[in-house]
Structures are given as C-alpha cells and as structure tokens.
Amino acid sequence: MPSLFDPTQAGDLHLANRIVLAPLTRSRAPGAIPTPLMAEYYAQRASGGLLITEATAISHQGQGYSDVPGLYSTSQLDGWKQVTRAVHDAGGKIVVQLWHVGRVSHNELQPHGGKPVAPSAITAKAQIVLIKGGVPTYVDTSEPRALDAGELPGIVHVYQAAARNAVETAGFDGVEIHGANGYLLDQFLKSGSNRRSDDYGGSIENRARLLLEVVRAITSAIGGGRTGIRLSPVAPANDVYDADPQPLFEYVVKQLATLNLAYLHIIEGATGGPRELPDRPFDYAALKAAYRTAGGKGAWMVNNGYDKALAEQALAGGADLIAFGRRYLANPDLVRRLREDAPLNTPDKATFYGGGAKGYTDYPALA
Ligand code: 8OZ
C-alpha cells in the first residue's frame with residue numbers, strides 16, 4: 001500500500017508525496033494583488049506534494065470578496081510570479097485555483113457596481129466578506145442577473161486566458177478549476193440554482209455543458225496533464241442544491257475521463273463541515289468507479305476533515321492524494337508532523353480571513 005509520504009504522479013506533475021495543501025481563502029491580497037507575505041506563506045508549506053492556491057478570480061466579474069487575489073492584470077500576475085518563484089525555490093509544486101464566483105458576490109465588488117451574474121436570477125442565501133478598514137464584515141449576496149447564452153463563450157475564453165497566463169506568465173505548474181462550493185460552475189451544474197431553458201439548463205448534459213466547455217478550453221490551451229478540477233457533489237456551500245446529484249456527478253466524471261486530467265479533487269460532504277449529510281447521501285466509491293471505468297487516469301484527490309488515520313484509510317481504499325485544509329493552514333511543516341506523529345498546532349478561526357502575518361505566517365514549525 002502506498003504511504004502518504006511516497007512520491008506519485010498526477011498527470012504531468014511529479015509530486016514528492018501525497019499530501020496536498022487544500023485551497024484556502026485567506027483574504028490578504030489588497031486590491032486583488034498577491035503580496036510578498038503570501039509568497040512567504042506558500043513557501044513555508046512547500047514540503048507538501050502539491051500546493052493549491054486560494055481561490056483566485058479570473059476576472060473582475062468573477063470577484064466576490066474583498067482582498068482575494070486575481071489573475072487578470074499585469075500586477076496580479078507579477079505578484080503571483082513572486083509566489084511561484086518562492087515555492088519552487090523551496091522545492092515545491094503549486095497550481096492556482098481558477099475562480100468565478102457567479103452569483104456569490106456583491107454589487108460593490110462588480111464592474112461599474114453592476115449585478116453579479118448567474119445561470120438564473122436567483123439570489124443565493126449566502127454571505128460574502130467585505131473588508132472595511134481591515135475588519136472583515138459579512139454581507140448578504142446581491143441579487144444576480146441571468147447570463148445571456150451569448151455571454152458564455154466569453155466566460156469560457158476568460159477561463160482559458162487565465163489558465164494560459166497562469167502557466168506561461170505567472171510560473172504555475174498547472175491550474176485547478178474551481179467547480180465546487182456553489183460558485184459559477186457549480187451553480188450551472190445544480191438544479192436548485194439553474195432554471196435555464198436553453199442548452200445550458202434542464203438535462204444533466206445541459207447543466208454540465210459550461211463546466212465541460214471550460215475544462216476543454218483549458219486543456220486545449222495548457223494540456224490536461226497540468227489541469228485539475230475540484231467538485232463538491234453535495235456540499236450545501238453558498239446555497240446550492242441538486243435534486244439528484246449521483247447521476248449528475250457520475251456523468252461529469254465520465255466526460256472528464258476522456259480529457260487526461262492531472263487530478264480530480266472531490267470534497268466529501270459539507271466543505272469544512274460534516275463528511276456525511278443524512279439528507280444528501282452520496283456514494284463516492286461509485287463516483288470513482290465511474291471515472292476509472294470510463295478510462296479516467298487522473299489522480300483521485302479527496303478532501304474534508306482528513307487526519308492521518310483517515311488519510312491512510314483513504315489511500316488503502318484507492319485514493320491517490322489527500323488535501324488538508326485547516327490542519328495545513330496551522331502547520332507549515334504538516335508533512336514532517338504527520339510523518340513523526342508530532343502534535344499539531346490548532347488553527348485560529350479569528351485570523352482565517354484578512355489581516356497580516358498573525359495567524360498566517362507565524363504558526364511555528366517544529367524545532
Ligand atoms: C471561504 C471564504 C470565502 C471563499 C470556497 C473560495 O469555499 C471559497 C471560500 C471559502 O471554495
């Protein structure tokens with residue numbers, strides 16, 4: 001049986017071990033520009049097999065929170081260059097998570113104060129974070145407008161351009177498409193947020209269309225071997241719901257199986273919450289089987305509440321990579337601590353979003 005500490009391959013990416021830094025929003029990028037402090041934070045964690053950045057907006061329209069980074073201006077790309085250089089100098093690998101929030105936004109964050117965009121004009125019962133004077137404040141999302149079908153090719157193109165810039169300009173080893181947690185692509189997938197009557201709504205095939213177009217556009221630009229995707233079949237994050245998620249996600253992974261992706265990143269249960277949801281049962285083993293049976297060769301990455309014992313169980317059950325969130329946030333040397341069964345620092349919720357070095361780069365490593 002492979003150990004957490006054995007090297008592995010995910011598409012084109014050779015990874016030193018099976019421990020992954022999960023994407024974690026930290027809201028420390030004023031003006032959406034990555035900072036030297038962010039470079040330090042990621043470099044501190046470079047001993048993981050793979051680092052996934054915090055969700056990063058592909059466009060101004062894709063922004064939904066104050067002080068989260070972007071990937072659509074020269075200064076943002078320059079900021080990320082410092083991050084990727086620091087991680088590579090420390091011997092790590094890093095991919096950027098490509099994010100369009102869709103309806104999970106606020107007029108104040110949108111171009112010209114406009115409405116956030118969505119598959120359908122249904123407001124999410126969710127909140128976003130606005131940082132005012134350094135203080136994070138939770139605010140209800142604004143009412144969105146339904147995207148016109150004629151706008152969708154432009155969004156696909158923006159994803160593709162972001163992926164190209166990520167690897168060609170910013171120096172990332174690849175990208176992860178954020179298809180989870182109730183953001184734009186997940187809003188299209190799920191029946192509760194998608195009431196469209198065109199080719200992008202209704203049937204499973206139609207609801208999955210935008211996501212698959214985005215994946216194909218990106219793989220044709222940078223190659224499947226540098227592309228991963230994150231999915232959360234049943235996570236209620238940001239007010240999403242699907243009436244029948246098992247066939248929906250089995251269809252999605254079967255389609256993805258033909259694209260030679262580096263990895264599929266699956267959030268089990270409610271993101272950052274319970275791994276099992278009594279009212280939203282889901283068979284993850286069947287999901288993986290559907291992907292493998294359809295010829296999918298990408299690494300199977302799992303996430304949500306993993307500790308070492310549960311991670312080893314998952315590897316024994318055929319998972320390839322384990323993404324750690326809060327535990328990795330609080331332990332820059334998580335790889336060493338897991339290997340040595342050393343005690344872990346406790347994450348401090350008060351400093352998850354916004355602020356500076358406190359609760360960010362000051363978690364101690366072992367002596
Ligand atoms: C927490 C706060 C803001 C955004 C996600 C990008 O859930 C996020 C996020 C998490 O995927």
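Q: Is Arg207 buried or exposed in this predicted model?
A: Arg207 is buried, because its relative accessible area is 10%, under the 20% cut-off. The model is a predicted one.

Q: Which residue does Arg207 form a salt bridge with?
A: Arg207 pairs with Asp242, and their closest N and O atoms are 2.8 Å apart. This pair links distant parts of the chain. Arg207 sits in helix α5 (residues 204–222), while Asp242 is in the loop between β11 (227–231) and α6 (245–256), 35 residues apart.

Q: And Asp242, buried or exposed?
A: Asp242 is buried, with a relative accessible area of 7%.

Q: How many salt bridges are there?
A: The count comes to 11 salt bridges.

Q: What does Lys308 pair with?
A: Lys308 forms a salt bridge with Asp341, with 3.0 Å between the closest N and O atoms. Lys308 belongs to helix α8 (residues 308–316) and Asp341 to the segment after α10 (334–340), so the pair ties together parts 33 residues apart in sequence.

Q: Which of those is exposed, or buried?
A: Asp341 is exposed, at 58% relative accessible area, whereas Lys308 is buried, at 17%.

Q: Switching to helix α2, where do Asp78 and Lys81 lie?
A: Both are in helix α2 (residues 74–89), 3 residues apart, which is about one turn of the helix.

Note on methods:
Residues are numbered from 1 along each chain as its sequence is written. This is a predicted model: local features need pLDDT of at least 70, side-chain atom pairs count only at pLDDT 80 or more; totals for chains, interfaces and linings use all residues. Side-chain values use heavy atoms; hydrogens and water are left out. A salt bridge is a side-chain nitrogen of Lys or Arg within 4 Å of a carboxyl oxygen of Asp or Glu. Helices (H or I, at least four residues) and strands (E, at least two) are DSSP runs, numbered from the N terminus. Buried means under 20% relative accessible area, exposed over 50%, partly exposed in between (1.4 Å probe, protein chains only).
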